[in-house]
Amino acid sequence: MATECQAWLNDNLVENNPLSSSLLSSDDEKVETLNIDNEINGSWTTATSSTIHEARVKAKAKRRLRKNSSRDSGRGDSLSDNGESLRAVLVPPTSPKGKLLDRKSRSRKGRGLPKKGGAGGKGVWGSPGEVYDLEEIDVKDPNYDEDQENCVYETVVLPLDEGVFEKTVTPIVQEYFEHGDTNEVAELLSELNLGEMKSDVPMLAVSLALEAKASHRELTSRLLTDLCGKLLSTADVEKSFDRLLRELPELVLDTPGAPQLVGQFIARAVGDKILSRDYIESYKGKVDCDHARAALDRAAVLLKMSKGGLWGTGGGQRPVKQLIKEINLLLKEYLLSGDVAEAERCLQELEVPHFYHEFIYEAVVMVLESTGETTFKMVLQLLKFLWESSVITVDQMRRGFERVYMEIPEINIDVPHAYSVLEQFVEQSFNAGVINKKLRDLCPCRGRKRFVSEGDGGRLKLESY
């Protein structure tokens, strides 16, 4: 009987008293391995090996449960007397280890405030609201140097040499030809330490414009005018044109018309008052190069004509009415001269390849309104030449002819024989290879309305052609 009471006390101490279970945790296995009397079928018997194994499993489960309870209090599973796990009611964690991103001290000292007042940890630059003052120099520091106390640190940009200057400034000028903003160019150049290469900026811009279009030359003249006074001086511009005149023999190899173009740039610079009027006079009798002499003569002639070397606005920046007027003038000059190459050059100088369908339209209308065969043959010859030289594309040719097809009823009001002339011109254009068969078949024709035919026995014709 004493043995039974001792076993009952041991079980109640382990299961009901947490303090005693924690104190006896190391001796649980020893106690359970003793000869424990269990009640089987209502009788007390000595514990067998199977019951001892059962007791060991229960003891292990209890130890694991007690270890987890300190970390996840109220969230663990408990074991019943039969060894079955019972889900306990969820209780908010009370242990600091269960809280994520909790920066409170893990030690049991302090008031539970964050470490270092919230200024510690990875990726933290100090406590909130902290302002860093200038660090005071310690005179007693062994690395202290009196010369460093009054030092002023500045960013130094090295001056550009000739090779780096061309590689740096050329993209700036070429980009300017696209956007046309002189202020942006002035800002980019001001960030560079040009040094003695400052006078080479106008020369580089003019050299690039010689191989470009007329609109780009106009932009170059505007750039020189805007840069003069901000970044360049009059002396820099004069020095740049002096070098251009000396290097004209080399520029002629790439651009045969360089002397005339440089002369026009000089006249424009004088007109914009970035060159003095005495600049041309100062070269009289002192020029041995024929190309330089031709450039100065060109500039003098333009100044006498009061044109000032205007290049004009190129491309699609001009209004449509002005473009149509220039196209008509181009066609009239061609009919007078008959120079196909000159007509091609003038057409390309308009810089409106997307508007060449207007040129085709005006040329065909001019043929319809003419009375003789001369205009017919000359326009056909011009269209064939432009087609073979790939100046006018298939799309522009098609759009030009289709515009004539659509407006032929209105043209026929003023020109009664317009239909017949159009049919002949379209047929000749097809034979010359200017248009394809599909475009030729689209040509409208004006047929005769026949109501009675002699061969039909007087039968009335209802359909009209």
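What share of the contacts in the chain with a separation of 6 or more comes from residues 24 or more positions apart? The share is 61%.

**Figure 1. Overview of the predicted model.** The structure shown is a predicted model. Its chain contains 21 helices and four strands. There are 465 residues, and 33% of them count as buried. Among contacts with a separation of 6 or more, 61% join residues 24 or more positions apart.

**Figure 2. Helix H8 and its surroundings.** Ten of its eleven residues are buried, so H8 is largely enclosed by the rest of the structure. The buried set consists of Asp200, Val201, Pro202, Met203, Leu204, Ala205, Val206, Ser207, Ala209 and Leu210. These residues pack against six helices named here: H6 (162–179), H7 (182–190), H9, H10 (234–246), H11 and H12. Two of these partners, H9 and H12, are taken up in the next views.

**Figure 3. H8 against H9.** H9 spans residues 214–227. The axes of H8 and H9 come within 9 Å. They cross at roughly 170°. An angle over 145 degrees counts as roughly antiparallel, and H8 is therefore roughly antiparallel to H9. H8 contributes Val201, Pro202, Ala205, Val206, Ala209 and Leu210 to the contact. From H9 come His216, Arg217, Thr220, Leu224 and Leu227. By class, the contact of H8 with H9 has eight nonpolar residues, two polar and one charged.

**Figure 4. H8 against H12.** On the H8 side, the contact is made by Val206, Ala209 and Leu210. On the H12 side, Ala258, Leu261, Val262 and Phe265 take part. Seven residues of this contact are nonpolar; none is polar and none is charged. Val206, Ala209 and Leu210 also belong to the contact of H8 with H9.

**Figure 5. Thr255, in the loop between H11 and H12.** H11 runs over residues 248–254, and Thr255 sits in the loop between H11 and H12. Is Thr255 buried or exposed? Thr255 counts as buried, because its relative accessibility is 11% and the cut-off for buried is under 20%. Leaving out residues up to four places away in sequence, Thr255 touches Leu210, Glu211 and Leu261. Leu210 is one of the buried residues of H8. Both Leu210 and Leu261 are part of the contact between H8 and H12.

**Figure 6. H17 against H20.** H17 comprises residues 356–369, and H20 comprises residues 418–431. Their axes come within 9 Å and cross at roughly 125°. That angle makes H17 oblique to H20. H17 passes H20 in a right-handed crossing. The H17 residues in the contact are Val364, Val367 and Leu368. Ala418, Val421, Leu422 and Phe425 meet them from H20. The contact of H17 with H20 has seven nonpolar residues, no polar and no charged.

**Figure 7. Aromatic pairs.** How many aromatic pairs are there? The count comes to five. The rings of Tyr176 and Phe177 have their centres 6.2 Å apart. Their planes lie at 45°, so the pair is tilted. Tyr176 and Phe177 are buried. Elsewhere, ring pairs link Phe376, Phe401, Tyr405 and Phe425 into a cluster. Phe425 also takes part in the contact between H17 and H20.

Figure 8. Most residues other than glycine have a negative phi. Lys273 has a positive phi of about 65° although it is not a glycine. Lys273 lies in the loop between H12 and H13 (278–281). With a relative accessibility of 75%, Lys273 counts as exposed. Ser390 also has a positive phi, near 60°. Ser390 belongs to the loop between H18 (373–388) and H19 (394–414). Its relative accessible area is 58%, so Ser390 is exposed.

Terms used: Residues are numbered from 1 along each chain as its sequence is written. This is a predicted model: local features need pLDDT of at least 70, side-chain atom pairs count only at pLDDT 80 or more; totals for chains, interfaces and linings use all residues. Side-chain values use heavy atoms; hydrogens and water are left out. Contact means heavy atoms within 4.5 Å. Helices (H or I, at least four residues) and strands (E, at least two) are DSSP runs, numbered from the N terminus. Ala, Val, Leu, Ile, Met, Phe, Trp, Tyr, Cys and Pro count as nonpolar, Asp, Glu, Lys and Arg as charged, and the others, Gly among them, as polar. Buried means under 20% relative accessible area, exposed over 50%, partly exposed in between (1.4 Å probe, protein chains only). Rings of Phe, Tyr and Trp (its six-membered ring) pair if their centres lie within 6.5 Å; planes under 30 degrees apart count as stacked, over 60 as edge-to-face and the rest as tilted. Axes are lines fitted to C-alpha atoms, for helices over the stretch in contact, and angles run from 0 to 180 degrees between N-to-C directions. Angles under 35 degrees count as roughly parallel, over 145 as roughly antiparallel, 65 to 115 as roughly perpendicular and the rest as oblique. A crossing is left-handed if the near helix is turned anticlockwise from the far one by less than a right angle, and right-handed if clockwise.
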